[in-house]
Amino acid sequence: MAVWLMKSEPDEFSINDLKHRQRENWDGVRNFQARNFMRQMALGDTVLFYHSSCKVPAIVGTATISKTAHPDPSCWNPESKYYDAKSTLEQPRWEQVELSFAGKLKRPITLTVLKAMPELEGFALVQKGSRLSVMPVAEPYWHTIQAKMLFES
DNA sequence: GCCAACGTTGGC
DNA sequence: GCCAACGTTGGC
């Protein structure tokens with residue numbers, strides 16, 4: 001089972017939104033590297049839910065992959081802010097996965113804390129200039145992060 | 001295929 | 001709100 005990290009701006013879609021809705025299609029990814037990672041996701045994979053572009057950037061919860069990569073319909077919708085004129089029905093270009101809520105952390109693991117952990121050196125999230133919104137979490141990093149996680153009951 | 005210009009991300 | 005870093009686009 002693989003582990004991934006996905007970023008979301010809490011103003012747009014937060015861990016609480018996912019908790020309330022239980023399932024959500026992760027649409028709007030418009031970066032090829034991020035898309036390619038989504039294509040590698042398998043059913044049941046774990047996702048670390050990360051809040052970005054906010055006061056306290058942090059890992060705030062977990063989800064599981066409940067549907068593997070399939071075309072993201074927002075790329076065909078001219079009304080959508082994610083519309084992509086280069087996407088066609090034959091070649092959608094963009095894909096989404098479906099996430100299912102797994103848990104919310106009692107205490108978010110902040111980016112500041114993550115950066116201070118020497119075991120995470122090399123992890124894309126804490127690397128300077130890294131802007132990837134979807135990234136794999138290699139086993140040793142997952143192990144380290146998992147040890148810090150405490151879930152709400 | 002190079003690379004300058006532009007747009008976006010996201011921490012601070 | 002600033003700006004560094006990065007990705008994408010498009011002219012050549």
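Colleague: How far does a polar side-chain atom of Arg-131 lie from a base oxygen of DNA strand B?

Modeller: The distance is 2.3 Å. Please note that this is a predicted model, in which local features need pLDDT of at least 70, side-chain atom pairs count only at pLDDT 80 or more, and totals for chains, interfaces and linings use all residues. Residues are numbered from 1 along each chain as its sequence is written, chains are lettered from A and ligands numbered from 1 in the order in which they are written, and side-chain values use heavy atoms, with hydrogens and water left out.

Colleague: Which residues are around DNA strand B?

Modeller: A residue is near a strand if one of its heavy atoms lies within 4 Å of it. Around DNA strand B these are Lys-7, Tyr-50, Ser-52, Ser-53, Pro-57, Leu-111, Lys-115, Arg-131 and Leu-132. They divide into four nonpolar, two polar and three charged residues. In this scheme Ala, Val, Leu, Ile, Met, Phe, Trp, Tyr, Cys and Pro count as nonpolar, Asp, Glu, Lys and Arg as charged, and the others, Gly among them, as polar.

Colleague: Which part of DNA strand B, sugar and phosphate or bases, supplies the atoms within 4 Å of the protein?

Modeller: Sugar or phosphate accounts for 75% of those atoms, and bases for the rest.

Colleague: Which residues surround DNA strand C?

Modeller: They are Asn-31, Phe-32, Gln-33, Lys-86, Lys-128, Gly-129 and Arg-131. By class, one is nonpolar, three are polar and three are charged. Of the atoms of DNA strand C within 4 Å of the protein, 73% belong to sugar or phosphate.

Colleague: Is β1 buried or exposed?

Modeller: Buried means under 20% relative accessible area, exposed over 50%, and partly exposed in between (1.4 Å probe, protein chains only). Strands (E, at least two residues) are DSSP runs, numbered from the N terminus. Six of the six residues of β1 are buried, so β1 is largely enclosed by the rest of the structure. Val-3, Leu-5 and Lys-7 are buried on one side, and Trp-4, Met-6 and Ser-8 on the other.

Colleague: Which strands pair with β1?

Modeller: Two strands pair if DSSP finds at least two bridges between them. β1 pairs with β3 (residues 46-51) in the parallel sense over six bridges, where Trp-4 stands opposite Val-47. Three bridges join β1 to β6 (residues 134-136), and these strands run antiparallel; Met-6 has Val-134 as its bridge partner in β6.

Colleague: Where does Ser-74 lie?

Modeller: Ser-74 is in the loop between β4 (58-71) and β5 (95-110). Ser-74 is buried, with a relative accessible area of 9%. A polar contact is a pair of N or O atoms within 3.5 Å; within protein, one must be able to donate a hydrogen and the other to accept it, and residues adjacent in sequence count only if both atoms are side-chain atoms. The side chain of Ser-74 makes such a contact with the side chain of Asp-72, at 2.7 Å.

Definitions and conventions: Helix = DSSP H or I, 4+ residues; strand = E, 2+ residues; numbered from the N terminus.
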